[in-house]
Amino acid sequence: MRDHSDQPRDERPPAEPVPDRWTGRATNRVQWVLAATGAACVALGIELAVDLPWTSGTAALLMAVVGCVAAGLLVLFGTLAFVYVELTVDRHALDVRCGHMGVPRRRIPLDTVVGAEHAPLVTPRQWGGWGYRWLPDKGTAVVVRRGEGVVLTLRDGRSFTVTVDGAETAVHVIHHFLRLQRSTAATVEWAILTDTEDPGPDGVSLPGPP
């Protein structure tokens, strides 16, 4: 009689449970340097307004002050919005928030997603710069740093890309929720079909109750 005790066993650990909610981030510290530059421009504009005499060349001085403050605020808020991006995934939707203010923000219902892929390298050069980007031939993206990301294929044929640490795990979680959604939809459809078929006394299927 053959002894099976010497047979190799599958030593692979069981698959880790998928959390009900997954959150990941991607951060770009370089944006803080740009934000500091914007703050310096605002400070320069304020200093010009306070220290310089307004007795002559008022129009030119006003333009300089307004220009410095406006440019500084534009750089400041434009960079702070993309210091980091946060991606949250649950069984209902994917939520993308940017920066400490949480804007721009995009919420993508899971039932509008048909696929997700792990992108090993997403770069600002591919999308024409940092931030919230759109290209006619590539779709929409939120890019805050060079590195891995998640690429979603949406039901309308468009794509959405977001840079995030742990992108491979995010794709695994998305696939898990998509399978759950399809399984639930198939169960509901089967229940509806079986409920509408009510066998008559002779074994003939009759329409179910309205």
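Let's start at Asp95, a residue of strand β3, which spans residues 93–98. Strands here are DSSP runs of E with at least two residues, helices are runs of H or I with at least four, and both are numbered from the N terminus. The model is a predicted one, in which local features need pLDDT of at least 70 and side-chain atom pairs count only at pLDDT 80 or more, while totals for chains, interfaces and linings use all residues. Residues are numbered from 1 along each chain as its sequence is written, and side-chain values use heavy atoms, with hydrogens and water left out.

Is Asp95 buried or exposed? Its relative accessibility is 7%, so Asp95 counts as buried. Buried means under 20% relative accessible area, exposed means over 50%, and partly exposed is in between, using a 1.4 Å probe and protein chains only. The side chain of Asp95 makes polar contacts with two arginine side chains: that of Arg97, at 3.0 Å, and that of Arg105, also at 3.0 Å. A polar contact is a pair of N or O atoms within 3.5 Å; within protein, one must be able to donate a hydrogen and the other to accept it, and residues adjacent in sequence count only if both atoms are side-chain atoms. If we set aside neighbours within four places in sequence, Asp95 is in contact (heavy atoms within 4.5 Å) with Glu86, Leu87, Thr88, Arg105, Arg106 and Arg107.

Strands of a sheet pair through backbone hydrogen bonds, either parallel or antiparallel. An open sheet of four strands has the order β1-β2-β3-β4, and its pairing is antiparallel. β1 and β4 (105–109) each have a single partner strand, so one side of each edge strand is left without a neighbour in the sheet. On average, neighbouring strands of this sheet are turned by 10° against each other, direction ignored; the axes are lines fitted to C-alpha atoms, for helices over the stretch in contact, and angles run from 0 to 180 degrees between N-to-C directions. Five bridges join the antiparallel strands β3 and β4, where two strands pair if DSSP finds at least two bridges between them. In β4, Ile108 is the residue opposite Leu94.

Leu94 also leads us inside. In soluble globular proteins, nonpolar side chains tend to be buried together. The largest nonpolar core here has 28 residues, and those with the most contacts inside it are Leu87, Leu94, Val150 and Leu152. Such a core is a set of buried Ala, Val, Leu, Ile, Met, Phe, Trp, Tyr and Cys residues joined through side-chain atoms within 4.5 Å. Elements giving two or more residues to this core include β3, β8 (147–154) and α4 (167–195). The largest share, seven residues, comes from α4. Apart from this core lies another, of five residues, including Ala119 and Ala141.

Finally, follow β8. It is joined to β5 by seven antiparallel bridges, with Val113 opposite Leu154. β8 also pairs with β9 in the antiparallel sense, over five bridges, and Val150 stands opposite Val162 in β9. These two strands, β8 and β9, form a hairpin with four residues between them, and Gly157 in the turn has a positive phi of about 95°. Val151 is also in β8 and is partly exposed, with a relative accessible area of 21%.
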